Amino acid sequence: MSNDNAQLLADEAKYCSFGDTVHYVNPPKIFDGCEGSYMFDAEGTPYLDLQMWYSAVNFGYKNKRLEEVMIRQLQTLPQVASQYLHPTKIELAKFIAQDAQAKWGSAGRVHFNVGGAQAIEDSLKVVRNASNGKSLMFAFEGGYHGRTLGASSITSSYRYRRRFGHFGDRAQFLPFPYPFRRPKGMTSEEYSESLVKEFARKFENEYHAIWDPKTNQCEYAAFYVEPIQGTGGYVVPPANFFKGLKKVLDEHGVLLVVDEIQMGFWRTGKLWSIENFGVKPDVLVFAKALTNGLNALSGLWAREELINPAIFPPGSTHSTFAANPLGTALGLEVMKMTHEVDFGAQVCDSGAYFLDGLKQLQKRHKEIGDVDGMGLALRAEICTEDGFTPNRALLDKMVDIGLEGKLEYQGQKRGLVLDVGGYYKNVITLAPSLMITRPEIDEALVLLDQLITRAKRS
């Protein structure tokens, strides 16, 4: 470790809060450069990044086209208070709303904020307001929606709530279909149907405690879903699941709120991952890759009936930096850039190539129990030699070795940046740049092979 890095880590240990999500490896890694699919340490060692800032940098580090837009905006209108308008806010909202109307047949509006969790908070206000103050929600086991207080109440992990008092509005968490760990003797589709049927059972009569058949009212206002679970391990549900779920929700007046914060902006080969499942959201929340990680901008789209000015007037929520011009200029360019070509086909082709490589890797390592994915949202579940029992310890070793920067590729030192997810923290959640090249995918597969081989020996 260089003297500069040693001093930086010493200062960080003394002056920085440890509460803002850094200390998952020891010592924490310091990077000081990035480009394309790579990050670089102080020695200039390239680290192939297969998580791209939790899918925030979908279009590659230092994307030239997007950086040029940011520079132009910086030189024209870099700042304006959110009580005033500027062109790209209106143009970006129009683009998203018109796209949604073309796909789902519903007029709607776009509401901006700064971060994913903040947009989730805004969506909770929209839902509560539209349902006359109902504060109870459904959500999924394995779901993650953020760590603000409201978002924590609909995030399944108790560890995010444990030290912060009682959450009276905590969601009712229901099982998400997890095909790799489904009950024996069931197909994935049968498993999916059984979960929908069990959910529908809650509305059979009043004694299931959520439904009043006399007034046809549910105590719960909305169901918050990630179409593909992010932190939960990039779990891809069976194709029939959401159609069955939405039918139950529509029959009982429960809104569907779709969290696209990690899977949105083409990660799955569609602009929105929910498009893969043939259902219409009532509210859709987005963030992260809208600006390719260059600006903290988030937002939501909601149906007109839920968000028109008569029902959700000025001041219903507020953030000083919401819809800031740097962010909206970037977001508008992301939309234009990805609609000029068949971007979804490009993502699906790269994803199929990568997934095939992972399946070949699985044949060589029985510890890889499952590989799956949609587009370039890919998963590799690390197990013991039986191919099923979760093996968190082995994956932890892999992450540490990848960040040491001592792997080799074509005679050069390399590092590998991975993200860990899953119910048992044993899943590599792969979110490479959507611009990743075939040679870079080939490199990733070589490095993953090398990584798991070294981890097993250590």
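Both faces of β5 are covered, with Leu-136, Phe-138 and Phe-140 on one side and Met-137 and Ala-139 on the other, all of them buried (buried meaning under 20% relative accessible area, exposed over 50% and partly exposed in between, with a 1.4 Å probe and protein chains only). This is a predicted model, so to speak of local features takes pLDDT of at least 70, side-chain atom pairs count only at pLDDT 80 or more, and totals for chains, interfaces and linings use all residues. Residues are numbered from 1 along each chain as its sequence is written, and side-chain values use heavy atoms, with hydrogens and water left out.

Back to β5, which spans residues 136-140: five of its five residues are buried, so the strand is largely enclosed by the rest of the structure. Strands here are DSSP runs of E with at least two residues, helices are runs of H or I with at least four, and both are numbered from the N terminus. Pairing takes at least two DSSP bridges between two strands. β5 pairs in the parallel sense with β9 (residues 220-225) over three bridges, and there Leu-136 sits opposite Tyr-220. Three bridges also link β5 to β6 (residues 172-174), again in the parallel sense, with Phe-138 facing Gln-172.

Elsewhere, an open sheet is built from four strands in the order β13-β14-β18-β17, and its pairing is antiparallel. β13 (368-374) and β17 (420-421) are at the edges with a single partner strand each, so one side of each has no neighbour in the sheet. β17 is joined to β18 (residues 427-430) by two bridges, the two strands running antiparallel, and Val-420 has Ile-428 in β18 as its bridge partner. Helix α11 (residues 343-364) lies across β13, β14 (377-382) and β18, at about 175 degrees to β13. Such angles run from 0 to 180 degrees between N-to-C directions, and axes are lines fitted to C-alpha atoms, for helices over the stretch in contact.

Then there is a helix pair. The axes of α4 (residues 87-104) and α10 (residues 325-339) come within 8 Å and cross at roughly 40 degrees. That makes α4 oblique to α10 (under 35 degrees counts as roughly parallel, over 145 as roughly antiparallel, 65 to 115 as roughly perpendicular and the rest as oblique). Where the two helices meet (contact being heavy atoms within 4.5 Å), α4 contributes residues including Leu-92, Phe-95 and Ile-96, and α10 residues including Leu-332 and Met-335.
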